[in-house]
Amino acid sequence: MRFVDEFRDADLGRVLAAEIVSLVEPGRHLKLMEVCGGHTHSIYKYGIDDLLPENVELVHGPGCPVCVIPMGRVDDGIAIANQPDVIFTCFGDMMRIPGSDGSLLDAKAAGADVRMVYSPLDALRIAKKNPDRTVVFFAIGFETTAPSTALTLKRARADGVTNFLCMCNHVTIVPPLRALLDSPDLRLDGFIGPGHGGRVVGARPFEFIPADYRRPLVVAGFEPLDVLQSIKMILQQIADGRCEVENQYKRVVPYEGNMVALKAMSEVFELRPHFEWRGLGFISQSALKISEAFADFDAELRYEVPGVRVADPKACQCGEVLKGVIKPWECKVFGTACTPERPIGTCMVSPEGACAAYYNFGRYARDRAVV
Amino acid sequence: MTPDGTGLLPPCDHTIGCITCGDEAVPMSVLVVEEDGLALCADAEGNSQTVETALVGDVATGERLLVHAGTALARAAA
């Protein structure tokens, strides 16, 4: 397939891998974080880490939108789903995230009307088909997904739909990156930047990383050669003593982002003062809520929810995994008590979660060649 | 999975990832340009979906789009 096969060419991959090896200073250990869960998935699907020398370590970031949802928000969603008049809609993976007393899938089994949708537009369609019921969309995702919710709420208003509400859990990528860079737990040497999130916000919002923290970031595509080339570009910057934002994914990501998307988001959402991230705790101005102009569509204003912060299960180390402090297989319950079929932690639920990616593609501790 | 989402959760295909939850976009081709900024699109496997096209502007039948969560984020190269 054109524009796919070219980015999966094995010979070119080997050439890039050799160039990566040549760029690494012997004896120096480099930690690069892939921010986006989609990159984590690509890395293990295509075995990209097997092509890297041992002293180039990939650390998995907080960019899986399902994995960062705290248990308390799941409980709030279930409380709304259990309202008698409600059809509760969400993306598939979200249904399996455990709350303090079961998941949305468990709530569905117990009688709540919980439905999986592929898009907020699907949820709006369900609302139009069921005018006697209230349809609530559990919105999750970074800047990649937030425009979809914003455009759907604008469409609902334009179409005069009054039985459609949104429980907004959209998060923004810059504040957690800053929190990670401020964390004493972690020393990172560079970032593989979000590809499709960058399509919305552009590459410019990441300029603080080289400016304030002196670390390079390369916005990357998702095909194997995209990821390898991005790693090479980061290592080239380090070898040259440079640190800047570079855009490997120019065929999709404009430096300035998508103005239509940003405008729609600014109309429909406003920043929350703070939001809890699984494993990272409360981070200021890191999430979106429905704006006053669209308050009619805010499920949290219509329904009372527990709003209680729930601590993660003690055995689960998703927090350390999300911060890149430990590898998934270093978690005490990885692959034993916690599996994709019966997840304890969020990282094992979504295929973009680091634990699920390791589990599904059989990635465990193993040796690689030292340069 | 039924069209209105009333079916049980479909098995998650861990080899391809989740098209909605990960920050990935799926290449889709425009089958029918509908009114009001929507277009019926299909992916490489023939799965079709109505897609919001406000972020990319006017689209034409046969055009390829990168779609995430039911919204076209970009035009894919031809």
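This is a predicted model: local features need pLDDT of at least 70, side-chain atom pairs count only at pLDDT 80 or more; totals for chains, interfaces and linings use all residues.
Helix axes here are lines fitted to C-alpha atoms over the stretch in contact, and angles between them run from 0 to 180 degrees between N-to-C directions.

In chain A, helix H5 (residues 120–129) packs against helix H6 (residues 146–158) with the axes 9 Å apart and an angle of about 25° between them. Angles under 35 degrees count as roughly parallel, so H5(A) is roughly parallel to H6(A). The crossing of H5(A) past H6(A) is right-handed. On the H5(A) side, Pro120(A), Leu121(A) and Leu124(A) make the meeting, and their partners in H6(A) are Ser148(A), Thr149(A), Thr152(A), Arg155(A) and Ala156(A).

Now step back to the whole chain. Chain A holds 14 helices and 13 strands, and its C-alpha atoms fill a box of roughly 65 × 45 × 40 Å along the principal axes. Its radius of gyration is 21 Å, which agrees with the value near 21 Å for a compact globule because the chain has 371 residues. Of those residues, 56% count as buried. Among contacts in chain A with a separation of 6 or more, 77% come from residues 24 or more positions apart.

What about the interior? The largest nonpolar core has 141 residues, and the members touching the most others are Leu32(A), Phe88(A), Val136(A), Cys166(A) and Leu65(B). Helix H10 (residues 224–240) of chain A gives the most to this core, contributing eight residues.

Conventions:
Residues are numbered from 1 along each chain as its sequence is written. Chains are lettered from A and ligands numbered from 1 in the order in which they are written. A nonpolar core is a set of buried Ala, Val, Leu, Ile, Met, Phe, Trp, Tyr and Cys residues joined through C-beta atoms within 7 Å. A residue is buried if 20 or more other C-beta atoms lie within 10 Å of its own, exposed if 12 or fewer, and partly exposed in between; C-beta atoms are placed from the backbone. Helices (H or I, at least four residues) and strands (E, at least two) are DSSP runs, numbered from the N terminus. The radius of gyration is taken over C-alpha atoms; the globule rule is 2.2 Å times the number of residues to the power 0.38. Two residues are in contact if their C-beta atoms, placed from the backbone, lie within 7 Å. Angles under 35 degrees count as roughly parallel, over 145 as roughly antiparallel, 65 to 115 as roughly perpendicular and the rest as oblique. A crossing is left-handed if the near helix is turned anticlockwise from the far one by less than a right angle, and right-handed if clockwise.
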